[in-house]
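Here are my notes from going through the model, point by point. Have it open beside you as you read.

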Amino acid sequence: MYTTITEREIDEMKISLLAEAKNKLTKALKDLDIEGLKIHERGGHGIKTKYNDRRMCFWIRCEYEMREYWITLFESEIDPYSGNCHTQYGKIMFVKDLIKNSSQVSSPNQICKRNGESVLLIFGSGKWKNAKDFLPASLHTVNEGYITAGDVLETNNAADKIAGAFVRFVKEKETENEQ
C-alpha cells in the first residue's frame, strides 16, 4: 500500500533538510574559530510571500577583512544559450565579490539604470564558485561534479571539510575583477 505525500509536504521536508544542513555548516564554521571571520547567524533564508516562495534558498553570510562572502545551499545561474535563469536547490556554492544595490541587501548581481528609467541587470553567475573545487579529493559524494546539502547531512565530517574549504576560499586574494 502506498502513502500519498503531497507536493507541499515534500517542499516542507526539503526546507527542513536544507535548514538542518545550514545549521551543521554554521556550527562547523564557528568551531574553526578563525580570527577575523564574522559569521552572521541571523537570517540566511528566503521567505514566502503571496507571490513567491523562496524558502528553499539558504545561505550563510560571512565577513572577512571588510568583504562579504556567502556559503549558499543553492546555485542561481543564467543559461548562456537561452538566457533563462536556473536555480538548483541544495547545491553548495561559495560566493564572493558581493555588492549593495539600492538596498542594504547584498547580491552577486548589479542593477544599473540607463536613460533614467530603463534598468539593466548584470547577473553575477561568475561569482558563484563550486564548493567541490575547494575540497580534498577524499570527500566522496554521490554527485561527481558538486556537493549538496544531502552530502552535509549524510557524509561524516563533510560539514567540517566544507567549512575548511570555505575558509581557504575566503582567504584567496584574487577576485574576478582583479584577474
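1. Start in the loop between α2 and α3, where you'll find Asn-157. Keep in mind that this is a predicted model. Asn-157 isn't a glycine, yet its phi is positive, at about 65 degrees. That's worth a look because most residues other than glycine have a negative phi.

2. Is Met-66 buried or exposed? Met-66 is exposed, with a relative accessible area of 84%.

3. One more positive phi: Asp-33, which comes after α1, has a value near 50 degrees.

4. On to α1 itself, which covers residues 7-32. I'd check the helix length against what 26 residues should give.

5. Which residues of α1 are buried? The list is Ile-15, Leu-18, Ala-21, Lys-22, Leu-25, Thr-26, Ala-28 and Leu-29. Do note that a lysine, Lys-22, and a threonine, Thr-26, are among them.

6. What do those buried α1 residues pack against? On the strand side, their partners include β1 (38-40), β2 (59-64), β3 (67-78) and β4 (85-95). Two helices are also on the list, namely α2 (149-154) and α3 (158-171).

7. Now the cysteines. How many disulfides are there? The count is zero. For Cys-62, the closest cysteine sulfur is the one in Cys-57, at 17 Å, which is too far for a bond. The cut-off that matters here is 2.5 Å between the sulfur atoms. Cys-62 is also buried, with a relative accessible area of 0%.

8. Cys-85 has Cys-57 as its closest cysteine partner too, with the sulfurs 9.9 Å apart, and again that is too far for a bond.

9. Salt bridges next: the structure holds 10 of them. As background, side chains of opposite charge can pair when their charged atoms come close. One of the pairs is Arg-55 with Asp-53, whose closest N and O atoms are 2.8 Å apart. Asp-53 counts as partly exposed, at 38% relative accessibility.

10. If you apply the 4 Å cut-off, you can see why both pairs count. Arg-61 is partly exposed at 27% relative accessibility, and Glu-63 is partly exposed with a relative accessible area of 27%. Glu-68, on the other hand, counts as buried at 12%.

11. Which residues are linked in a network of salt bridges? Arg-61, Glu-63 and Glu-68 belong to it, and Lys-100 is linked in as well.

How values were computed. Residues are numbered from 1 along each chain as its sequence is written. This is a predicted model: local features need pLDDT of at least 70, side-chain atom pairs count only at pLDDT 80 or more; totals for chains, interfaces and linings use all residues. Side-chain values use heavy atoms; hydrogens and water are left out. Buried means under 20% relative accessible area, exposed over 50%, partly exposed in between (1.4 Å probe, protein chains only). A salt bridge is a side-chain nitrogen of Lys or Arg within 4 Å of a carboxyl oxygen of Asp or Glu. Helices (H or I, at least four residues) and strands (E, at least two) are DSSP runs, numbered from the N terminus. The expected span of a helix is 1.5 Å times one less than its number of residues. Contact means heavy atoms within 4.5 Å.
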